[in-house]
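Trainee: Could we go through this model together? I'd like to know what stands behind each label.

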Amino acid sequence: MLGPLEVRGASGPVPLTGARQRVVLAALLVRANRVVPLGDLVDAVWPERPPATARDQVVNVVSALRRLVGRAVGAGWLETQPPGYVVRLGPGQLDVEDFEELVRTADAAGLAGRPGDAARALRGALSLWRGPALADVPATFAATEARRLSELRLAAVEKLMDAEFAVGRHREVVPELTQLVAEYPLRERLRGQLMLALHAAGRTADALAAYRSGRRLLVDELGLEPGAALQRIERAILTDTEVGEPATAGPPAQLPRDVADFTGRRAEIAAIRGRLEAPPSTAVRVVAVVGPPGVGKSTLVNHVAHGLRADFPGGQLHASLRGDRDPFEVLAEMLRALGTPAGAIPEDLPERVRLYRSLTAQRRLLIVLDGVAGAAHARPLLPGDPGCAVLMTSRSALTGLEGAHRITLGALPSDDAVALLGATAGPGRVTAEPAAAQMIAELCGRYPLALRVAGARAAARPELSLRRLAERLADPERRLDELRAGDLDVRSSMAAGIGTLPPELAQPARRLALLGVGSFPLWTVVAVLGVTAEAAEDLVDQLVDRQVVEYAGVDDAGQHRYRFPELIRLYLRFPNRHTAADAWSGESVSA
């Protein structure tokens with residue numbers, strides 16, 4: 001496929017006698033080892049207005065290909081599998097897969113500090129190209145695939161130049177880069193690499209001339225000045241300072257900053273590290289931290305991820321999925337972070353997933369997915385290589401996510417809750433008023449977000465007592481409004497999770513929250529909502545799965561009991577914000 005479509009057997013090339021054969025074969029090879037529906041093959045041959053006999057014609061083409069190619073490569077290469085066909089190919093049988101495997105090998109060598117090995121692998125990958133990809137396949141999908149492959153080839157060329165620079169071969173690659181810049185004059189990365197090579201070879205005037213000609217071309221054709229990287233190279237050459245790499249970066253390091261006052265969660269940290277530090281098996285290690293909003297899932301996961309950075313030298317990717325972001329969009333961000341040029345990012349989700357898994361193969365990457373909505377939301381973002389690990393958070397129990405180790409996060413233990421309040425309000429405040437500090441911790445449900453907000457408000461008004469803050473928080477109707485400081489807002493956090501419940505869950509949950517009891521058995525749900533026992537059990541199961549209700553154990557009568565976490569119960573009872581939310585922070589000292 002890396003050139004005109006060609007099939008080779010032990011006795012040489014296999015002649016493909018017509019355009020339709022090439023189109024159908026290319027459509028099957030682009031999705032090798034995956035089922036291609038018959039309808040997709042029809043669309044590949046006739047993008048618009050296929051004839052009534054189109055399906056029969058494609059079946060005949062497939063039969064001819066099975067016989068023709070089978071004589072060269074052996075029987076069984078093409079199978080019928082409803083709703084279409086699948087080409088079965090192994091290692092070394094498809095040049096595209098060999099190319100991508102060699103590029104992955106080069107990436108691994110580069111990360112391991114072996115640029116010479118990386119250069120040899122990339123030379124091998126590029127030697128597989130015989131010309132423009134799929135050059136003789138007259139189909140829209142083939143043109144799209146050819147553009148993707150061409151971008152991957154150019155990206156490999158640029159990686160090769162970086163590897164050659166790393167072993168000091170600047171002078172040797174000048175002719176190669178000169179030809180490449182002539183072929184791709186608007187590709188700034190290649191022009192920057194040519195400038196670097198010329199400058200290192202003692203041809204500074206030629207390096208500056210290459211910049212000036214590129215600038216004229218960009219201004220004349222696109223009306224744009226050169227990009228920041230190219231301008232940086234020119235300035236470095238003019239001032240004879242260190243030039244450095246033109247556009248490459250090290251492994252991705254996308255983790256948000258860790259918090260300095262992280263408190264508690266020792267058992268959970270040990271459990272997560274135990275899973276992720278285990279030697280890789282044949283499966284990706286996935287740990288899902290689940291729990292209600294405000295319980296500290298994201299802070300915990302980020303804290304653990306920072307402690308594991310040394311174990312994942314391939315880098316750390318971070319994606320915020322809050323708001324049910326489309327994995328299609330998130331994958332584009334991840335592919336760019338892994339070095340994929342924008343033009344080489346595929347336009348459909350399966351191809352993006354395939355490229356993502358290729359780029360993450362043979363790299364020890366830690367991938368953090370924050371705010372996963374459900375199992376289907378996470379699956380496209382999971383890598384395939386067991387050297388990688390995934391750490392995710394969710395307000396759902398993610399019961400359908402295969403192979404994930406779940407850790408359910410609840411309220412902090414009492415001592416840790418008070419310690420966190422002291423870390424944010426100031427330890428002297430807690431020492432001076434231990435009873436008030438304990439009361440605030442309980443009124444905050446011992447949830448880290450609420451404790452941080454309470455501590456921030458206390459720290460902002462050191463002249464006011466913790467007792468006064470506790471008194472204000474004691475009013476259940478106003479408590480969520482008091483728990484707001486700057487962009488830290490407990491009610492907003494609750495709204496982002498609980499407030500998005502569908503009506504068939506939200507309305508029953510509000511009615512149950514109005515009971516005002518510590519916990520309740522299933523028969524209470526039946527009585528309050530007027531539903532059957534089966535419907536009550538199903539409702540409670542869904543609320544538990546969404547972290548709205550938690551299991552409270554078995555009572556003396558042997559009945560299973562459930563409860564709302566306190567802050568969630570308050571949100572359901574008092575969903576609207578009061579107008580005097582900032583009254584405490586605005587009180588005068590004399591008050």
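Mentor: The chain has 26 helices and 15 strands, taken as DSSP runs (H or I of at least four residues for helices, E of at least two for strands) and numbered from the N terminus. This is a predicted model, where local features need pLDDT of at least 70, side-chain atom pairs count only at pLDDT 80 or more, and totals for chains, interfaces and linings use all residues. Residues are numbered from 1 along each chain as its sequence is written, and side-chain values use heavy atoms, with hydrogens and water left out.

Trainee: What is the mean pLDDT of the chain?

Mentor: pLDDT is the predictor's confidence in each residue, from 0 to 100. The chain averages 87, and 95% of its residues reach 70 or more.

Trainee: Why is Leu222 called partly exposed?

Mentor: Buried means under 20% relative accessible area, exposed means over 50%, and partly exposed is in between (1.4 Å probe, protein chains only). Leu222 has 47% relative accessibility, so it counts as partly exposed. Leu222 lies in helix 9 (residues 204–222), and together with Leu186 and Leu224 makes a nonpolar surface patch of about 260 Å².

Trainee: What share of the 591 residues is buried?

Mentor: Buried residues make up 49% of them. As for contacts with a separation of 6 or more, 70% are between residues 24 or more positions apart.

Trainee: Why is the pair of Phe520 and Phe564 called tilted?

Mentor: Rings of Phe, Tyr and Trp (its six-membered ring) pair if their centres lie within 6.5 Å; planes under 30 degrees apart count as stacked, over 60 as edge-to-face and the rest as tilted. Here the centres are 5.9 Å apart and the planes at 40°, so Phe520 and Phe564 form a tilted pair. The pair links distant parts of the chain, 44 residues apart: Phe520 is in strand 13 (residues 520–521), Phe564 in the loop between strand 15 (560–563) and helix 26 (566–573).

Trainee: Are Phe520 and Phe564 buried or exposed?

Mentor: Both Phe520 and Phe564 are buried. A search of the whole structure finds 3 aromatic pairs.

Key:
Patch = residues over 30% accessible without salt bridge, like charges linked within 9 Å, V, L, I, M, F, W, Y side chains within 5 Å. Areas by Shrake-Rupley, 256 points an atom, 1.4 Å probe, with all protein chains shown as cover. Salt bridge = Lys/Arg side-chain N within 4 Å of Asp/Glu carboxyl O. Contact = heavy atoms within 4.5 Å.
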